[in-house]
Amino acid sequence: MHQNTERHVPPASKRQRVVSVLTAGSFLLLSGCSLFSNKEEFKAPKVASAETLYNYGIDALHSKRYTLASGEFELLQQNYPYSGYVGNAELMEGYAYYLQGEYALSVQQLERYLLLHPTSPDAAYAYYLRALCYYEQIAEVQRDQQGTIEALNALEEVVTRFPQTAYARDAQLKIDLCRDHLAGKEMLVGRYYQQQHNYEAALGRYQRVVNDFQTTNHVAEALERIVEVSLELGLVDEARKSASVLGYNYPNSQWYRYSYNLLRNRDLLPDHSVAPGGKQRGLFGRMWHSVF
């Protein structure tokens with residue numbers, strides 16, 4: 001009986017097969033390198049020039065593709081940090097974010113621009129655009145008005161820094177609207193306190209409108225409300241004074257008619273009081289006019 005001298009080769013394990021595949025793959029890669037050694041090596045596509053990227057961004061802004069525009073300006077800054085287009089790209093990126101409604105990103109970008117280019121001829125525009133970002137976020141009068149205060153501060157900075165510019169003129173108009181908004185908030189809270197019979201708290205809110213927001217549309221009502229709550233608190237002289245001030249400055253307003261009738265019905269009209277629409281002026285009215 002002859003023994004089979006042929007040796008049986010066991011099948012390769014899974015691990016061995018993987019190693020073989022990897023080895024073969026490595027060989028193919030090395031072979032591939034040699035196969036293409038006589039050809040031009042692969043190169044990554046070259047980024048467009050700074051000028052081209054900037055123009056792409058401007059074109060995207062004009063066609064209202066704001067996300068694309070901000071991307072082009074960002075790409076320019078990354079690839080050409082020392083280009084003469086970088087400053088404009090930084091500013092326009094902030095503008096593109098503003099147009100997208102990404103106000104926080106816009107403010108961040110604009111503040112970075114102002115930090116790097118504080119004396120730029122476009123600094124006035126950057127400050128103005130930054131203020132607009134806050135202004136666009138003003139909440140309804142029923143909600144917290146911290147955003148209105150931030151917008152007011154930013155707009156006042158534009159007026160202070162660049163008083164002779166068109167940006168300052170527009171900022172001043174928006175400042176008046178902000179102040180009117182803040183006065184409206186005070187009136188809303190004051191009415192609430194008055195309805196809850198918390199007359200002292202209501203009086204404080206109304207007086208703040210009269211003292212701090214004299215140029216707003218809420219002053220006439222605030223004066224009339226002061227008459228109401230002052231009478232509730234037994235402050236007759238305060239009620240008479242506020243009515244006189246109201247009659248001098250707003251003689252034809254409904255709010256003066258309300259206060260006049262309220263005092264008349266309680267037989268509390270001061271001497272030489274002015275009927276609604278009348279021409280006679282009282283002492284308190286003259287004093288107020290010098291302040292107003």
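**Exercise 1. Find which residues of α10 and α11 meet, and sort them by class.**

Solution. Start with the contacts, meaning heavy atoms within 4.5 Å. From α10, Ala 220, Leu 223, Glu 224, Ile 226, Val 227, Ser 230 and Leu 231 take part, and they meet Glu 238, Ala 239, Ser 242, Ala 243, Val 245 and Leu 246 of α11. Sorted by class, this contact holds nine nonpolar, two polar and two charged residues. Here Ala, Val, Leu, Ile, Met, Phe, Trp, Tyr, Cys and Pro count as nonpolar, Asp, Glu, Lys and Arg as charged, and the others, Gly among them, as polar.

A word on the model: it is predicted, so local features need pLDDT of at least 70 and side-chain atom pairs count only at pLDDT 80 or more, while totals for chains, interfaces and linings use all residues. Residues are numbered from 1 along each chain as its sequence is written, and side-chain values use heavy atoms, with hydrogens and water left out.

**Exercise 2. Work out how α10 and α11 are oriented to each other.**

Solution. Helices are DSSP runs (H or I, at least four residues), numbered from the N terminus. Take α10 as residues 219-232 and α11 as residues 236-249; their axes come within 8 Å and cross at roughly 160°. Axes are lines fitted to C-alpha atoms over the stretch in contact, with angles from 0 to 180 degrees between N-to-C directions. Angles over 145 degrees count as roughly antiparallel and those under 35 as roughly parallel, so α10 and α11 are roughly antiparallel.

**Exercise 3. Decide whether α10 is enclosed or open, and then look at Ser 230.**

Solution. Count the buried residues (under 20% relative accessible area, 1.4 Å probe, protein chains only). In α10, 13 of the 14 residues are buried, so this helix is largely enclosed by the rest of the structure. Ser 230 lies in α10 and has 0% relative accessibility, so Ser 230 counts as buried. Leaving aside neighbours within four places in sequence, Ser 230 touches Leu 203, Leu 235, Glu 238 and Ala 239.

Terms used
Helix = DSSP H or I, 4+ residues; strand = E, 2+ residues; numbered from the N terminus. Parallel < 35°, antiparallel > 145°, perpendicular 65-115°, else oblique. Buried < 20%, exposed > 50% of the residue type's maximum accessible area, 1.4 Å probe, protein only.
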